[in-house]
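My entries follow in the order I made them.

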Amino acid sequence: MSNLFNVYSLWDIEPIRAEGCKVWDKNGTEYLDFYGGHAVISIGHTHPHYVKTIENQIEKIGFYSNSVQNSLQHELADKLAEQSDYTDYALFLCNSGAEAVENSLKLAAFYTGKKRVIAFRESFHGRTSGAVAITDNPAIQSPFNTGHEVTFVPLNDIDAVNHELEKNDVTAVIIEGIQGVAGIIVPEKEFLKQLEATCNKHNVPLILDEIQSGYGRTGKFFAHQHASVKADIITMAKGMGNGFPIGGVLISPAFEAKKGMLGTTFGGSHLSCAAGIAVLDVLKEEKLIENAAKMGEYLKNELSKIEQLDEIRGEGLMLGFALSPEYAAVQNKLLFESKIFTGSAKGNVMRLLPPLSVTKNEIDIFISEFKKQIEKL
Ligand SMILES: Cc1ncc(COP(=O)(O)O)c(C=O)c1O
């Protein structure tokens, strides 16, 4: 019995090696990865360019501190600006999704001088104090987290948002590009446009949480770009480092930086920047965002032919569908019999989040195994 604090439900599988869209456990069994370690693996496991870049960097210098020049941070910011099309936004680097969210909330509140946050029902934004307070799940909030002023409104309900904004005490509106934990719920495009307009009108920062839906996963750099809207602040993590812990906040030029207003010891380290740059280089070089769009469409189309499934939700390679109770066991069957990892979400939803490098052949294997398992139930 070891001393790990026992907070996770674990599958009894121990991956020890991985490559592209495949993972091998300690017994040598091969798995297909349609979970991407929870939407984290973007360019594929152990991509050779990524591995080499990290190796080369750690041989030179892995870390110093944010009190010295680090040109890797500039290279990462420039490449991110170019690929995300947020060319005039500034980048703050941190270490995780929750930390990105926490900093985005602080930034908005420094700007507005106000406190109350508008978030959406069924939202998930992380586990730290502010992030979990704006997460619509009381079961994971402790009394320590409940002092924040937060109002949850229904997704796609612009009247509810307007009603709150008119009270003139709101510091930010935060929304996920696509709600992941809630079960892959895509905000309506028209709603996102109205949300952008009303936030602009009230001069309240609109924060787009793209931690799960960003970095090309949906076939555009950020999911909200499908609706052609622009956010004031964008949070990123997961796919940004392909497994290396790195998070970031993209910040509109309307926000003025002041020394010390945000900070972190590890954020922006040489090693994390090297990982982040390698991810952006591979995304571009191998056209993985285009691949996510193309393969996502193919996967969605193949899933839509399976009569046991109703609506297939999501964009690109962030897809989900509800399983009726008689098919609830399919996820475990896929994992333990077909050797395919998939994700789950609220409401008996199966979440598919493969690496953006997934191939048509790998999708065909998934579809054929999925059909086989669902027909057996
Ligand atoms: C939309 C969203 N925001 C924030 C987070 C928190 O990220 P992290 O677990 O890196 O703190 C997650 C993680 O699942 C997420 O999906």
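**Entry 1: α10 and α11.** I looked up helix α10 (residues 330–338) and helix α11 (residues 360–376), whose axes come within 10 Å and cross at roughly 120°. α10 and α11 are therefore oblique to each other. I noted the cut-offs: under 35 degrees is roughly parallel, over 145 roughly antiparallel, 65 to 115 roughly perpendicular, and the rest oblique. Axes are lines fitted to C-alpha atoms, for helices over the stretch in contact, and the angles run from 0 to 180 degrees between N-to-C directions. Helices (H or I, at least four residues) and strands (E, at least two) are DSSP runs, numbered from the N terminus.

The crossing of α10 and α11 is right-handed. A crossing gets that word if the near helix is turned clockwise from the far one by less than a right angle, and left-handed if anticlockwise. From α10, Val 330, Lys 333, Leu 334, Glu 337 and Ser 338 meet Glu 369, Phe 370, Gln 373 and Ile 374 of α11. Contact requires C-beta atoms, placed from the backbone, within 7 Å. I sorted the residues of this contact into 4 nonpolar, 2 polar and 3 charged. Nonpolar covers Ala, Val, Leu, Ile, Met, Phe, Trp, Tyr, Cys and Pro; charged covers Asp, Glu, Lys and Arg; the others, Gly among them, are polar.

Entry 2: The model is predicted, with local features needing pLDDT of at least 70 and side-chain atom pairs counting only at pLDDT 80 or more, while totals for chains, interfaces and linings use all residues. Residues are numbered from 1 along each chain as its sequence is written.

**Entry 3: α2 and α8.** Helix α2 (residues 48–60) packs on helix α8 (residues 270–285) at about 155°, with the axes 9 Å apart. α2 and α8 are therefore roughly antiparallel to each other. I found their crossing to be right-handed. The α2 residues that meet α8 include His 49, Tyr 50 and Thr 53, and those on the α8 side include Leu 271 and Ala 274. The contact has 10 nonpolar, 4 polar and 1 charged residues.

**Entry 4: α6 and α7.** The axes of α6 (residues 158–165) and α7 (residues 189–202) come within 10 Å and cross at roughly 10°. α6 and α7 are therefore roughly parallel to each other. Ile 158, Val 161, Asn 162 and Leu 165 of α6 meet Phe 191, Gln 194, Leu 195, Thr 198 and His 202 of α7.

**Entry 5: the domains.** The chain is divided into domain 1 (15–46 + 287–376) and domain 2 (48–285), with bounds from an automatic or database domain assignment. Their centres, taken over C-alpha atoms, are 26 Å apart. The contact takes 26 residues from domain 1 and 28 residues from domain 2. On the domain 1 side, α9 gives the largest share, 5 residues. That side has 14 nonpolar, 8 polar and 4 charged residues.

**Entry 6: the ligand.** Of the 13 residues around the ligand, Gly 97, Ala 98, Gly 126, Ile 211 and Gln 212 come nearest. A residue is near if its C-beta atom, placed from the backbone, lies within 6 Å. Helix α4 (residues 97–112) gives the most to this shell, with 3 residues. By class, the shell has 5 nonpolar, 6 polar and 2 charged residues.

Technical notes:
Two residues are in contact if their C-beta atoms, placed from the backbone, lie within 7 Å.
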